[in-house]
Amino acid sequence: MAGEVKALPKEAVPDRSALAESRARIYRTLSIAYARPADEQLLKMLRFWGALETEIPGAALPATMKRGLKRLTVWLEKHGFQSAQITALDVEFTRIFRGLSRTNSPPPPYESVYGETGLIFGPSTDLVLQEYRRFQLKGQANEPPDHISLELDFMRFLCEQESQAWGEEEEGRGWLKDEFSFLEEHMAGWIPTLCENIRKFDTTGFYSALSEVTEGWIICDRAIIRGLMDH
């Protein structure tokens, strides 16, 4: 994967349970950001992302992610929580993620759309649903399971389970394997393309910055998980 960061050196491995909690929080925030239009609560959550480098050990964050974090910080400093800007983000969210125009909106954010068929409810939809069911998860009744927000939330779930499992090392490593598998077999294959498309259509600067953070985080977490599995 382009722009990949190095795996964690052994001496950089932190408290694994605490790191898993931090990673879960990042996935949770990203999941919320793609599930619904930005509101004041989400914007306040994003204000604290400037400190992410202090929570993520080892090599520096990928350049794409650092650039996105900086752009988000600038956007928030400029616009704050103004109701007019939140309304504008609402409109932009609908156009980018729920729009149906090929000329004004990117393809919708489903793995199947960016995968084998270009259509919603392709083979990857069933594969993702099988993963959820393996852990007794149901997804959402009104949303195909391979929507980006649900895949991000599934990673949040896996990281939370990993955090709780580190009392027994082999159990923690088992969750890491599940995380790496889902990241490799599903998210890493299509989310970078979605992020690139978001940047082509966004007019606010907010979702472009968010897409850079998202794309960079996929690269970063892949390296983190691999590093943890190697130690």
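Let's start with the rings: a search through the whole structure turns up 15 aromatic pairs. Here, rings of Phe, Tyr and Trp (its six-membered ring) pair if their centres lie within 6.5 Å, and planes under 30 degrees apart count as stacked, over 60 as edge-to-face and the rest as tilted. Take Phe154 and Phe157: their ring centres are 6.3 Å apart and their planes sit at 15°, so this pair is stacked. Both residues belong to helix H8 (residues 148-165), where they are three residues apart, about one turn of the helix. Helices (H or I, at least four residues) are DSSP runs, numbered from the N terminus. Phe154 and Phe157 are both buried, meaning under 20% relative accessible area with a 1.4 Å probe, protein chains only.

Now for an edge-to-face pair: Phe206 and Tyr207 are 4.9 Å apart centre to centre, with 90° between the planes. These two are buried as well. They also belong to a cluster, in which ring pairs link Tyr34, Trp75, Phe93, Phe97, Phe206 and Tyr207.

Before going on, a word on the model: it is predicted, so to speak of local features takes a pLDDT of at least 70, side-chain atom pairs count only at pLDDT 80 or more, and totals for chains, interfaces and linings use all residues. Residues are numbered from 1 along each chain as its sequence is written, and side-chain values use heavy atoms, leaving out hydrogens and water.

Arg16 lies over the face of Trp166, 5.1 Å from the ring centre, and the charged end of Lys44 sits over the ring of Phe81, 5.7 Å from its centre. The test is that NZ of Lys or CZ of Arg is within 6 Å of the ring centre and within 35 degrees of the ring normal.

A pocket is an open set of points on a 1 Å grid where a 1.4 Å probe fits, with protein on both sides within 12 Å along at least five of seven lines; lining residues have an atom within 4 Å of a point. Helix H4 (63-79) and helix H2 (40-47) each supply at least two lining residues, and H4 gives the most, with five.

The largest pocket has a volume of about 240 Å³. Phe97, from the ring cluster, is one of its lining residues, as are Arg98, Pro107 and Tyr110.

Methods:
Grid points are joined across faces, edges and corners, and a volume is the space filled by probe spheres set on the points. Buried means under 20% relative accessible area, exposed over 50%, partly exposed in between (1.4 Å probe, protein chains only).
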